[in-house]
Amino acid sequence: MGNCSTASSVELPSPESQQSQTGNENENENEINMYLKCAKQEFDAKYAQPSKQMVKLEDFELERTIGMGMFSRVMLAKYENKLLALKIIEKHAIVEYAQVECILSEKRILQAINFPFIVSLVYSFKDNSHLYLALEFASGGEMFVHFNHVKKFSEDQVRFYVAQIVLILEYLHYLSIIYRNLKVEEILFAADGYLKLTDFRLAKVAHDRTFTLCGTPEYLAPEIITGIGYNKSVDYWALGILIYELAAGFSPFQDEDPMKVYTNILRGTFNTPQHFSSDLTDLIHKLLQSRPANRYGNLQNGVNDIKNHKWFSSMDWVSLFKKRIKAPYIPEADKEHYETYDEKQLTHAETELYPTEFENF
Ligand SMILES: Nc1ncnc2c1ncn2[C@@H]1O[C@H](COP(=O)(O)OP(=O)(O)OP(=O)(O)O)[C@@H](O)[C@H]1O
Ligand SMILES: [Mg+2]
């Protein structure tokens, strides 16, 4: 394997060749390392020099709102006959809630990453009052909605979904990105039933420890709550919570009172439902380690401790990456998978708001 022009040009080994070769595990690992190296080259170049795009709101045909967030409205929109999810962010709200750095980082990271299980950013632009992120549309809907409907997943289903999240974290962490927002609400389905992770507002390029208190209470690692500083291993803690929740139908430290949630997390003890297999319980315990120094994903072998854990022994990681495994749930085609929301006319200021704050958007 020589130099890389793009990460996607790196040929990962086919599952067939994997089975017939001896020493294939090492070979796979080499290929994956090469893929990640190329991905990092690509990311570093784009992150250092973000692209500028010359599109504007009038180029889009706005259809309807499909999601609402704290600072944004996401609308289904057509651009040259292609459906996209247009995240419309109010500049004023971002400034008011001191989120400028987060939004700049969200855009800068999104425009530089490229991974099959993460929504890709197609365009970004701004006008007087708003910032816009035109994202690949995940047409299969929110996992949150589907999950609430089915209540919990079988372990095989959880494995299929969580394995994709493991690959996402492997990719992001290799690029020195902490995601910090892992939760069911940010996981969407593509039409083929594979995942598309969205919402990079809390994502951050961090080479050292970082201190900001952010995330969703149920998923916060103890070291985020205590404020002693943390690293990428907080994503592996959140992964432990996510696995538990998807397999149990509820979260390990949940409580109606958010303060009690924090107490539960800091106490660090939890029970697992009886139907959990012993391998699943073991993996969750290895992820939900209160001390980051003991947490899977953050040990000497990094993410490979998770990928090689017994609970994942049936997982063919390369086939998964290549989407050669049949998804357990394929969202019904031609069905509206997103809720309806009240529509609101966008208002536009006469002059450009906060030009210096958003200069780099
Ligand atoms: N690429 C996408 N395809 C389809 N729907 C999406 C897409 N991105 C976001 N959505 C929908 O919009 C909702 C809100 O988007 P997102 O989570 O990115 O923003 P948010 O929660 O408002 O973030 P913030 O807190 O930064 O304002 C999602 O939960 C989802 O329902
Ligand atoms: Mg969100």
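D199 is found in the loop between β9 and β10 (204-205), where strands are DSSP runs of E with at least two residues and helices are runs of H or I with at least four, both numbered from the N terminus. The model is a predicted one, in which local features need pLDDT of at least 70, side-chain atom pairs count only at pLDDT 80 or more, and totals for chains, interfaces and linings use all residues. Residues are numbered from 1 along each chain as its sequence is written, while chains are lettered from A and ligands numbered from 1 in the order in which they are written.

The phi angle of D199 is near 65°, a positive value in a residue other than glycine. Most residues other than glycine have a negative phi. D199 counts as buried because it has 22 C-beta neighbours inside 10 Å; the class requires 20 or more other C-beta atoms within 10 Å of the residue's own, with 12 or fewer for exposed, partly exposed in between, and C-beta atoms placed from the backbone. A positive phi, near 50°, also occurs at Y354, in the segment after α12 (317-321). Y354 has 17 C-beta neighbours inside 10 Å and therefore counts as partly exposed.

D199 is also among the residues that come nearest to ligand 1, together with G67, G69, V74 and A85, out of 21 residues around this ligand; a residue is near a molecule if its C-beta atom, placed from the backbone, lies within 6 Å of it. Two or more residues of this shell come from each of β1 (61-68), β2 (72-79), β3 (82-90) and β5 (130-136). The shell comprises ten nonpolar, four polar and seven charged residues, where Ala, Val, Leu, Ile, Met, Phe, Trp, Tyr, Cys and Pro count as nonpolar, Asp, Glu, Lys and Arg as charged, and the others, Gly among them, as polar. At least three residues are drawn from each of domain 2 (62-139 + 337-361) and domain 3 (142-321).

β2 and β3 are antiparallel and share eight bridges, with Y79 bridged to K82 in β3. These two strands form a hairpin with two residues between them, and E80 in the turn has a positive phi of about 45°. β3 is in turn joined to β5 by seven bridges in the antiparallel sense, and I89 has L131 in β5 as its bridge partner. Two bridges join β6 to β8 (residues 187-189), and E142 stands opposite L188 in β8.

The domain assignment, automatic or taken from a database, gives domain 1 (7-48), domain 2 (62-139 + 337-361) and domain 3 (142-321). The centres of domain 1 and domain 3, taken over C-alpha atoms, are separated by 24 Å. Nine residues of domain 1 and seven residues of domain 3 take part in the contact, defined by C-beta atoms, placed from the backbone, within 7 Å. On the side of domain 1 that touches domain 3, α1 (15-20) and α2 (24-48) each supply at least two residues, and α2 gives the most, with five.

Key: Pairing = 2+ DSSP bridges. Contact = placed C-beta atoms within 7 Å.
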